[in-house]
Amino acid sequence: MTAPLRRSEAIVVDVALGERAYDIVIGRDALTSLGARIAALRPGARTAIVTDRNVAKYWLEKTEAALHQAGIAACRIVVDEGEGSKTYAGLERVSEALIAARIERNDLVIALGGGVVGDLAGFAAAILRRGVDFIQVPTSLLAQVDSSVGGKTGINSPQGKNLLGAFHQPVLVIADTAVLDTLPPRQFRAGYAEVAKYGVLGDEAFFAWLEANHAEVFKGGAAREHAIATSCRAKAAIVARDERETGDRALLNLGHTFGHALEAATGFSDRLFHGEGVAVGMVLAAQFSAALGMIAESDAARVERHLAEVGLPTHLQDIAGFAQEGLADADALLALMAQDKKVRRGRLTFILLRAVGRAVIAADVAPAQVRDFLQAKLAARA
Ligand code: NAD
Ligand code: ZN
């Protein structure tokens, strides 16, 4: 697979969901087209931009300018950055501000930010007046390749992450690759784990392309756009087949059963970003697949080598504070996995590999197999 060297025009990926279909527009400075696109899509609509303080600092004025240029009214709702805004209190703030701004059924909510803002603003839009349309303007790599596409929105409960939410598809996604220039490098790297995931789960040629071109993806330019577009196409295809996750959509959870347990064990803190948990989780899923004889050890090593090369953590032992806590305890990790929603009648669901580029859903994994595998992992590096 080769990427085009130069691309001046935006790439448009179609999410084929019948009457809920929408475009993902990907490109440097795609944000400047926001006003014109809204004017064409929803003439006369008013808008409310929901964003966080970090993103507002860099990109709010540019977004407002794009709207004003097209004569579109916009108000701003700025929340604190971070997962702490994806709460009942955050939802109340945003919802009340939307009502006060008189956003009505024909108007649009614009989510300008990472996955936190996208999930929060999308959910507020889903329940405001029983559903107002919204636009995603994802500003983190993770949001551009994952959370802004597919229509999952929601907030956290004190009892667990993402336990309250709705499927609410956006009417448009604008992924401006230039906004990633202000994203902290560690955040970019964490988002890259989800990019690599699409290769590992369904597209060996893309994974090989990433192995050869990852440095260019980190630098920006055409390679970055190609990686984002390929990721969005992969997610869009899976979502179009299985919008509500009754089957294939679960493949997107590759690395996430292990990853979520690690995130939970580290208290969903800055010690381990979501994408970093996915990186370690993906390596564990590959190694577990090898231990079960589904792939060769060399395939698992290939996945690990690439993620390590871009600077992602790949081992339990890479996680900050590993030694002090439950991370070194196979039973504690297993208990965290069993709390996750991917459990049925005592058996665990894992996404495993039949090859690099071919993931399968294994709905019937015995907890003892996982425990033995984790114990062996922990012993090998102790
Ligand atoms: P985030 O939204 O917290 O963004 C990460 C950090 O980067 C924040 O501090 C943010 O302010 C900052 N930031 C974002 N864009 C920036 C920019 N361009 N310049 C400078 N700083 C910027 O986190 P995230 O990693 O984007 O998303 C994680 C969230 O997404 C989690 O809540 C997760 O549950 C959710 N998620 C949802 C889905 C879905 O399908 N809906 C999928 C994956 C993840
Ligand atoms: Zn993820």
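First, the accessibility terms: I call a residue buried under 20% relative accessible area, exposed over 50% and partly exposed in between, using a 1.4 Å probe and protein chains only. The model is predicted, so local features need pLDDT of at least 70 and side-chain atom pairs count only at pLDDT 80 or more, while totals for chains, interfaces and linings use all residues. Residues are numbered from 1 along each chain as its sequence is written, chains are lettered from A and ligands numbered from 1 in the order in which they are written, and side-chain values use heavy atoms, with hydrogens and water left out.

**Entry: P185.** I looked up P185 and found it in helix 6; helices here are DSSP runs of H or I with at least four residues, strands are E runs of at least two, and both are numbered from the N terminus. P185 counts as exposed because its relative accessibility is 61%. I also checked P185 against L251: they are 66 residues apart along the chain, and their C-alpha atoms are separated by 27 Å.

**Entry: zinc.** Which residues coordinate the zinc ion (ligand 2)? I get E194 (OE), H256 (NE2) and H274 (NE2), at 2.0 to 2.1 Å. Donors are N, O and S atoms within 2.8 Å of the metal (3.2 Å for Na, K and Ca), and water is not among the atoms, so sites may look incomplete. The donor spacing in sequence reads E-x61-H-x17-H. E194 in helix 6 (residues 185–202) and H274 in helix 10 (residues 274–291) are 80 residues apart, so the pair links distant parts of the chain. E194 has 0% relative accessibility and therefore counts as buried, whereas H274, at 25%, counts as partly exposed.

**Entry: ligand 1.** I count a residue as near if one of its heavy atoms lies within 4 Å. There are 26 residues around ligand 1, and D52, G115, T139, S140 and T182 come nearest. For polar contacts to the ligand I used pairs of N or O atoms within 3.5 Å. A polar side-chain atom of N54 lies 3.0 Å from an oxygen atom of ligand 1, and a polar side-chain atom of N162 lies 3.4 Å from one. V116 uses a backbone N or O atom, 3.0 Å from a ligand oxygen atom. Helix 2 gives the most to the shell, with 4 residues.

**Entry: helix 8.** This helix (residues 222–241) has 20 residues. I noted that 15 of the 20 are buried, so helix 8 is largely enclosed by the rest of the structure.

How values were computed:
A polar contact is a pair of N or O atoms within 3.5 Å; within protein, one must be able to donate a hydrogen and the other to accept it, and residues adjacent in sequence count only if both atoms are side-chain atoms. The expected span of a helix is 1.5 Å times one less than its number of residues.
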